[in-house]
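Here are my notes on the model, point by point. Please read them with the structure open.

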Number of protein chains: 2
Amino acid sequence: MKVSQLLGMRFKEKPAGCESANHILMIRGGYIKQVASGIFSFYPPMRRVTRKIEAIIREEMDRIDGQEVLFPVVMPASLWQESGRYDSIGSEMVRFTDRNGAKNVLGMTHEEASVQLTRDTATSYQNYPFMIYQIQTKFRDEPRCRGGLIRVREFTMKDAYSFHTSQEDLERYYQRCLEAYHRIFARVGVPEVVAVQSDSGMMGGSVSHEFMLLTDIGEDTIVLCDSCGYRANMEAAECIVTNESVPEQPLTKVATPGVKTIEDLCQFAHITALQTAKAVVYQRNCDDSYVIAFVRGDLEVNETKLRNHLGCEVHPALDIDPESGICPGSIGPLGLPEGVTVVFDRSLKGCSMLYCGANEDGYHYGGLSMERDLPGAELVDIAKAVSGGICPVCGKPHLRISRGVEVGNIFQLGTKYTKSMEMTYLDEKGERQYPIMGCYGIGVGRLAASVCEAHHDDYGPLWPMTIAPWQVGVCALHRNKGDVQAKADALYAQLQAAGVEVLYDDRTVSAGSMFSDADLLGAPLRLVVSPKTCSKGVVEFSARDKSFRKDISFTGDDFSAVVEAVKAEIAARMAALNG
Amino acid sequence: MKVSQLLGMRFKEKPAGCESANHILMIRGGYIKQVASGIFSFYPPMRRVTRKIEAIIREEMDRIDGQEVLFPVVMPASLWQESGRYDSIGSEMVRFTDRNGAKNVLGMTHEEASVQLTRDTATSYQNYPFMIYQIQTKFRDEPRCRGGLIRVREFTMKDAYSFHTSQEDLERYYQRCLEAYHRIFARVGVPEVVAVQSDSGMMGGSVSHEFMLLTDIGEDTIVLCDSCGYRANMEAAECIVTNESVPEQPLTKVATPGVKTIEDLCQFAHITALQTAKAVVYQRNCDDSYVIAFVRGDLEVNETKLRNHLGCEVHPALDIDPESGICPGSIGPLGLPEGVTVVFDRSLKGCSMLYCGANEDGYHYGGLSMERDLPGAELVDIAKAVSGGICPVCGKPHLRISRGVEVGNIFQLGTKYTKSMEMTYLDEKGERQYPIMGCYGIGVGRLAASVCEAHHDDYGPLWPMTIAPWQVGVCALHRNKGDVQAKADALYAQLQAAGVEVLYDDRTVSAGSMFSDADLLGAPLRLVVSPKTCSKGVVEFSARDKSFRKDISFTGDDFSAVVEAVKAEIAARMAALNG
């Protein structure tokens, strides 16, 4: 490819409205173009990157016996009504009515489609296990798009679905897929991606993992243990804290004029937040009924865990009905009105001498003892894990909090979809059974952006050889001088003949422009032909990552030594990544 | 791939509701599964076929300097409002409102997106010409889906857009693309596809060609000249007929009680339809105003040509307003009410002695002379071409009518999109100009179905080697007898090691089931291992198209002679198709 013919422009300036490095560089380098919020077109360099990522994903999916299929983007609502998700998923799913009045959705995931495709054909235990996958466009109407391709509405995704006759078989396959995912991330150049336990969310099922690239721009919060390697998404992480044992004191109602927050209370009573029970008020989405969560005053409620405990969606109660009997600013566990659901976090276990609201304006209780005053209270895990908290695996207080971008996920779905959609097979005894499913996703564009985020400098992306849009860039400096043009043309032709992917800058622009464009387009290797190198009978060969720079001789129009050096470097880098 | 693990079922019975051979075989062979009307999922064999077609298309697009990009499926309405097509395209375009209240469309073509992607970057004549393409999902809300993948609502399409600084440059590129299309169709195994002149329809522009596979199941009507090779879609074909010269007679009003149709009139007056002027009444879609088209009585109106002549959409007038002054059953060109637009087809040129309606119930005129009685009438081409009609190129009366499936199209778009969307560049003189566009489409799934339609027998598709899901099938008959299983396993392993794409039927089913499944899955080559062949120390090697059948020897577990014969046959067939 010649740069003079390459579609797209490169920019020196930081584009407006871009914060993360990958977004800035993908715009500056002419990789992507926004069409609408969270909707992008790809210029040729980005399409080359994503095609290479797709090829690596295909190889690894085929290697674990995946069979490639294709599901539609548009699906009838009836298919999603079978699983119940037509109603349970909110406005992130696009719904539309077609010209015949039929309701349809845009696919945001394809569990339903995978069951529809296979339920008529996989009717005997002998058909199991199997895994099918596709690489296809998806649409989720995200309210907040950000970070270029990191969080978008339309995206290309590899989604895979496996079907099994036993939980053990699913777990074996799940492990194989987890290993395939680690190979994929290593091959595209981000071996540092970690698998973390996650909440299954709308997918259903129990065990699930997210693959996280740890980076400050990530919008997921990850809990890690530096001692034992425990890793979990904040949404799913257990919160374990201990409480000092202190002698009980009598329960006392205290006048607390003007005290509305935990901070006010601590200041008023000369205590720390650990000695308070904080109330957070929610409402169920279905009927607006109230749910009050109590956590130790220094902790926050993990709404995902609260939802999972309640088994329904809730939202923070922003306006509390004055007739509800709930007294904002002074809510406590004793004397709450009827009909309010109360949930206690286990951080309150064994606490005595707690301060809490008295459900009466201007009053709080002191000396609350959980065991004495609330003997029947069930204590559950609904608090957010904290830095320095106790690791649920090794028990050491070494938890650390980090940010991460989710580049893939795997779920054990169980029989949620096969049961609701009546997919069955006959087992060896001739009995009807529901197959057990797993599902496995990777966002292609987000992965490309994440690799850029992980590997770049101020001048552009440092693409790993496996997914670089071109393997080598040829810069012809001062092409009008001497035989630079002739030599560079010959070098380009010989590299192409050897099957090397070359981006040849054949323009008559300054060396500065040429190098800054080459940096942005990110070929891992670079060859410079200039009047100076020609006079020495050499080509300058260097790496975008600055790991080497050397001269290689050529003879007349014979660049075979250069071609061989380039091929050897490419092969070495490919081998290092592909393992 | 082992058949025991392959997802999908094969059927002996013709499935209900399928008429065309490709639809029947794609269902019977486990290639596709309907999800909704015109929406299909692909099983692994079909995905393998379409991936191979996509690879061939990519190679040929790259060969004519195409650069692969990716446009979104979902686009903002505002983009389509820029070109005016948000309003001009009807209900075949899906429109929906997103969670933020913004209007969006599902992409059915990407002219607007291609201009949006390039207008900021291709600002100098030096950036031209260029061509960009994508292979992506599209959705058109077709009212009538049929023929399996032949006419669907959701489909994968390769769409390409080229940009030029002169009409000459566009025409040169258009010719290159036309040749690339012929190579694509030849390589996928349908060299018989013909390019026909077509109407540009909603795409705009003037010159366009459709690539047609001539087959009875086609829904397009093609006009062909057997003498000179002229080919056009009926929508675009010129209609040329001659009229015998006969002496004029006086115009006479005749009472014609009960005469309502051309047939009635011919019977009443003892004439042929050639001696009548037939009136067909339309209404403009915009304001329901009446348009009356007159054609010679033996011909039909070509509505596409009528629309193009009028420059607006029209529909047949099913209920004529009694107050309009139009007299159904007796409509003629003389004495029509004011405000009615009249269009005369040139088939009426020079006619005298015509019978026509008198615009009075129960009366017709005889002896109408176009030149004498309608001296100012403009005669235009609005009739459908007919079998035996005159070829507009060579002038011989050898036109033939055929049916065809459109597997691709190419359009010269001119500046319709660049003007409406304000895409300009500076020419060599520094003057602002609008680039000239071409666009080029191929439907991937429809092409796969068309190849099957063109090449099949009663037992299954006869896939060409270039796009067959697998190159060779291995059938192990009576695998439990003797060393059949061991030999077939060894053969399978050695073929795979040699890079051959093998489908290995490793099941314990009857020879009949095995062969009928092999026929449906359509590998062009077949190897049979059975107790009989093993006892002779041979493998039976044959072609799905019955072109040969021979025994090839093996020694112990060494199948190298078989592998070599298979590789040679694959190479020969690939070379024959790839040219």
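1. Start with the interface between the chains. In this predicted model, 42 residues of chain A are in contact with 42 residues of chain B. Several elements of chain A each give at least two residues to the side that touches chain B. Strands S1 (32-36), S2 (39-42), S3 (66-68), S4 (74-76) and S7 (130-139) are among them. So are H2 and helix H5 (111-118). By class, this side of chain A divides into 26 nonpolar, 9 polar and 7 charged residues.

2. Next, the symmetry. How many degrees of rotation superpose chain A on chain B? The rotation is 180 degrees, with 0.0 Å of shift along its axis and an RMSD of 0.1 Å. That is the relation of a two-fold axis. The same surface serves both copies, since 100% of the contact residues of chain A recur in chain B. Which residue of chain A comes closest to the rotation axis? Phe96(A) does, with its C-alpha at 3.0 Å.

3. Arg47(A) deserves a look. Arg47(A) lies in helix H2 (residues 44-63) of chain A. Is Arg47(A) buried or exposed? Arg47(A) has 21 other C-beta atoms within 10 Å, and a residue counts as buried at 20 or more. Therefore Arg47(A) is buried. Pro469(A) is 422 residues away from Arg47(A) in sequence, but the two are 8.1 Å apart in space, C-alpha to C-alpha.

4. Now the nonpolar core. The largest one has 336 residues. Those with the most contacts inside this core are Ala448, Val474 and Leu491, each in chain A and in chain B. Take Ala448(B) as an example. Leaving aside neighbours within four places in sequence, Ala448(B) is in contact with Met46(B), Val49(B), Thr50(B), Ile53(B) and Leu149(B).

5. Last, the domains. Chain A is divided into domain 1 (21-191 + 417-453), domain 2 (252-380) and domain 3 (470-578). The centres of domain 1 and domain 3 of chain A are separated by 39 Å, taken over C-alpha atoms. Their contact takes 7 residues from domain 1 and 4 residues from domain 3. On the domain 1 side, helix H1 (21-28) and helix H6 (167-187) of chain A are the elements that give two or more residues. That side has 3 nonpolar, 2 polar and 2 charged residues.

Technical notes
Residues are numbered from 1 along each chain as its sequence is written. Chains are lettered from A and ligands numbered from 1 in the order in which they are written. This is a predicted model: local features need pLDDT of at least 70, side-chain atom pairs count only at pLDDT 80 or more; totals for chains, interfaces and linings use all residues. Copies are superposed by least squares on the C-alpha atoms of residues with pLDDT of at least 70 in both. Two residues are in contact if their C-beta atoms, placed from the backbone, lie within 7 Å. A nonpolar core is a set of buried Ala, Val, Leu, Ile, Met, Phe, Trp, Tyr and Cys residues joined through C-beta atoms within 7 Å. A residue is buried if 20 or more other C-beta atoms lie within 10 Å of its own, exposed if 12 or fewer, and partly exposed in between; C-beta atoms are placed from the backbone. Domain bounds come from an automatic or database domain assignment. Helices (H or I, at least four residues) and strands (E, at least two) are DSSP runs, numbered from the N terminus. Ala, Val, Leu, Ile, Met, Phe, Trp, Tyr, Cys and Pro count as nonpolar, Asp, Glu, Lys and Arg as charged, and the others, Gly among them, as polar.
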